[in-house]
Amino acid sequence: MLTRKDILSINQQFSTGTIINESSLDFVLKQTYRSHHWYKTMCLLARTILLDHVFEDGNKRTAAAIIMTYLETNGQEYNPDAIARVVLQITKQNITSTNIIGRIIHHATK
């Protein structure tokens, strides 16, 4: 499970790590600590970062990196280009359902 510090560190690979929606990040982290299912946690984090614009810059890149981190940690194969397309699709279509996000990510792992 990624911590707030881990997520901030990931964003700092792409940007300054400036959080502009702290309450949204805090809320999703509380939710993910309750969940023991890594896939649901990954979807919740990606959704929050992409749609709630947690960081000043680099939200899409941060979400993609988080998705890939969770997939790698759990031994799932994926195509990085497909993950990038998934992130764009979630953002452009404003997909809020974590179930739909999970299905879209699942298709990128085949």
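Visitor: What share of the 110 residues in the chain is buried?
Guide: Buried residues make up 44% of the 110 residues in the chain, where buried means under 20% relative accessible area, exposed means over 50%, and partly exposed lies in between, with a 1.4 Å probe and protein chains only. This is a predicted model, in which local features need pLDDT of at least 70 and side-chain atom pairs count only at pLDDT 80 or more, while totals for chains, interfaces and linings use all residues. Residues are numbered from 1 along each chain as its sequence is written, and side-chain values use heavy atoms, with hydrogens and water left out.

Visitor: How many helices and strands does the chain have?
Guide: The chain has 6 helices and 0 strands, both taken as DSSP runs numbered from the N terminus, with helices being H or I of at least four residues and strands being E of at least two. Read from the N terminus on, the elements run α-α-α-α-α-α. The radius of gyration is 13 Å, close to the 13 Å that the globule rule gives for 110 residues, so the chain is as compact as a globular protein of that length; the radius is taken over C-alpha atoms, and the rule is 2.2 Å times the number of residues to the power 0.38.

Visitor: What does the C-alpha trace span along its principal axes?
Guide: The C-alpha trace spans about 35 × 30 × 25 Å along those axes. Among contacts between residues at least 6 apart in sequence, 63% join residues at least 24 apart, contact meaning heavy atoms within 4.5 Å.

Visitor: On to the core, then. Which residues touch the most other members of the largest nonpolar core?
Guide: That core has 34 residues, and Ile 7, Met 42, Ile 66, Ile 67 and Ile 105 touch the most other members. A nonpolar core is a set of buried Ala, Val, Leu, Ile, Met, Phe, Trp, Tyr and Cys residues joined through side-chain atoms within 4.5 Å. Helix H1 (4-12), helix H2 (22-34), H3, helix H4 (59-73), helix H5 (80-92) and H6 each supply at least two residues of this core, and H3 gives the most, with 9 residues.

Visitor: How do the axes of H3 and H6 cross?
Guide: The axes of helix H3 (residues 38-51) and helix H6 (residues 98-108) come within 9 Å and cross at roughly 105°. That makes H3 roughly perpendicular to H6. The axes are lines fitted to C-alpha atoms, for helices over the stretch in contact, and angles run from 0 to 180 degrees between N-to-C directions; under 35 degrees counts as roughly parallel, over 145 as roughly antiparallel, 65 to 115 as roughly perpendicular, and the rest as oblique.

Visitor: And which residues meet there?
Guide: From H3, Tyr 39, Met 42, Cys 43, Leu 44 and Arg 47 meet Thr 98, Ile 101, Gly 102, Ile 105 and His 106 of H6. By class, this contact of H3 with H6 has 6 nonpolar, 3 polar and 1 charged residues, with Ala, Val, Leu, Ile, Met, Phe, Trp, Tyr, Cys and Pro counted as nonpolar, Asp, Glu, Lys and Arg as charged, and the others, Gly among them, as polar.

Visitor: What does Ile 105 touch?
Guide: Not counting residues up to four places away in sequence, Ile 105 touches Tyr 39, Met 42, Cys 43, Ile 67, Leu 71 and Val 86. Leu 71 and Ile 105 are 34 residues apart in sequence and 9.8 Å apart in space, C-alpha to C-alpha.

Visitor: Where is Leu 71 found?
Guide: Leu 71 is found in helix H4, and it is buried, with a relative accessible area of 0%. Leaving aside neighbours within four places in sequence, its contacts include Trp 38, Gln 76 and Ile 83. Thr 62 also has its place in helix H4 and is buried, with a relative accessible area of 0%; beyond residues up to four places away in sequence, Thr 62 touches Ile 7, Ile 10, Asn 11, Phe 14, Ile 49 and Phe 55.

Visitor: Switching to the loops, where are His 53 and Val 54 found?
Guide: His 53 is in the loop between H3 and H4, and Val 54 is found in the loop between H3 and H4 as well. At 44% relative accessibility His 53 counts as partly exposed, whereas Val 54, at 0%, counts as buried. His 53 has a positive phi of about 50° although it is not a glycine.
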